[in-house]
Amino acid sequence: MSEILAFIKAHRRDIIITASALAASLVVMLLIPALIVGNAPSTAGMLACIALVDPAFCLAAAVFAGWDLRRRWFTALFPPLAFLISTGAVFGSEAGGFMFYFVIYLAICLTVTPVTHLVRKYGRSES
């Protein structure tokens, strides 16, 4: 038990950051679409989420993960997976058509994360 507590104490910051990234992904990708679909027609609500909210959040999560790629690489995968869960929960068996958007969000996260890392690593000006 003391080894587990020592590990948690040593990695407290990383655990908090990871839990916060997961919670933010679940809130943005699960709760916001559910609230929008509940208050607006389902097609218009999901269109607003798919066109505006979800890609912007995937981009932000990828930049966040690329900022410290060694420690946060997996946090870029949270938003696309939360989107997949969200569409399954909101639309049920009709969610198969949203796989295209899952692939797009995954591509956004998997390309922006290493680009952010490389820009941060090699993009520093020498002034």
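This is a predicted model: local features need pLDDT of at least 70, side-chain atom pairs count only at pLDDT 80 or more; totals for chains, interfaces and linings use all residues.
Let me start with the chain as a whole. The chain holds 6 helices and 0 strands. Reading along the sequence, you get the pattern α-α-α-α-α-α. There are 127 residues, and 29% of them count as buried. Now take the contacts in the chain with a separation of 6 or more: residues 24 or more positions apart account for 71% of those.

Helix 2 has 28 residues, and at 1.5 Å a residue they should span 40 Å; the end C-alpha atoms are 39 Å apart, which agrees. Helix 2 also has a bend, of about 25 degrees, at Val27. Which residues of helix 2 are buried? They are Ile17, Ala21, Ser25, Val28, Met29, Pro33 and Val37. If you look at the numbers in that list, keep the helix repeat in mind. An α-helix has 3.6 residues a turn, so residues three or four places apart point the same way.

Helix 6 can be checked in the same manner. Its 24 residues should span 34 Å at 1.5 Å a residue, and the C-alpha atoms at its ends are 35 Å apart, which agrees. The buried residues here are Phe102, Tyr105, Cys109, Val112, Thr113 and Thr116.

In soluble globular proteins, nonpolar side chains tend to be buried together. In this model the largest nonpolar core has 15 residues, and those touching the most other members are Met29, Ile50, Cys58, Phe83, Tyr105 and Cys109. Helix 2, helix 3, helix 5 and helix 6 each supply at least two residues of this core. Which helix gives the most to this core? Helix 3 does, with 5 residues.

Setting aside neighbours within four places in sequence, Ile50 is in contact with Pro55, Phe83, Phe98, Tyr101 and Tyr105. One of these, Tyr101, is found in helix 6. Tyr101 and Ile50 are 51 residues apart along the chain, yet their C-alpha atoms are separated by 7.7 Å. Not counting residues up to four places away in sequence, Tyr101 touches Ile50 and Phe83. Is Tyr101 buried or partly exposed? Its relative accessibility is 30%, so Tyr101 counts as partly exposed.

On to the aromatic rings. How many aromatic pairs does the structure hold? There are 4 of them. One is formed by Phe83 and Tyr105; this pair is edge-to-face, with 4.9 Å centre to centre and 80 degrees between the planes. Phe83 lies in helix 5 and Tyr105 in helix 6, so the pair ties together parts that are 22 residues apart in sequence. Both Phe83 and Tyr105 are buried.

Elsewhere, ring pairs link Trp73, Phe74 and Phe78 into a cluster.

The charged end of Arg72 sits over the ring of Phe64, at 4.2 Å from the ring centre. In the other case, the charged end of Arg120 sits over the ring of Trp67, 4.1 Å from the centre.

Ala65 lies in helix 3, while Thr113 has its place in helix 6. Their C-alpha atoms are separated by 6.0 Å, although the two residues are 48 residues apart along the chain. Ala65 is buried, with a relative accessible area of 0%, and Thr113 counts as buried at 5% relative accessibility. Leaving aside neighbours within four places in sequence, Thr113 is in contact with Ala62, Ala65, Gly66, Leu69 and Ala76. On the same terms, Ala65 is in contact with Arg72, Trp73, Thr75, Ala76 and Thr113. Arg72 is the residue whose charged end sits over Phe64, and Trp73 belongs to the ring cluster.

Note on methods. Residues are numbered from 1 along each chain as its sequence is written. Side-chain values use heavy atoms; hydrogens and water are left out. Rings of Phe, Tyr and Trp (its six-membered ring) pair if their centres lie within 6.5 Å; planes under 30 degrees apart count as stacked, over 60 as edge-to-face and the rest as tilted. Helices (H or I, at least four residues) and strands (E, at least two) are DSSP runs, numbered from the N terminus. Buried means under 20% relative accessible area, exposed over 50%, partly exposed in between (1.4 Å probe, protein chains only). A charge sits over a ring if NZ of Lys or CZ of Arg is within 6 Å of the ring centre and within 35 degrees of the ring normal. A nonpolar core is a set of buried Ala, Val, Leu, Ile, Met, Phe, Trp, Tyr and Cys residues joined through side-chain atoms within 4.5 Å. Contact means heavy atoms within 4.5 Å. The expected span of a helix is 1.5 Å times one less than its number of residues. The bend at a residue is the angle between axes fitted to the seven residues ending there and the seven starting there.
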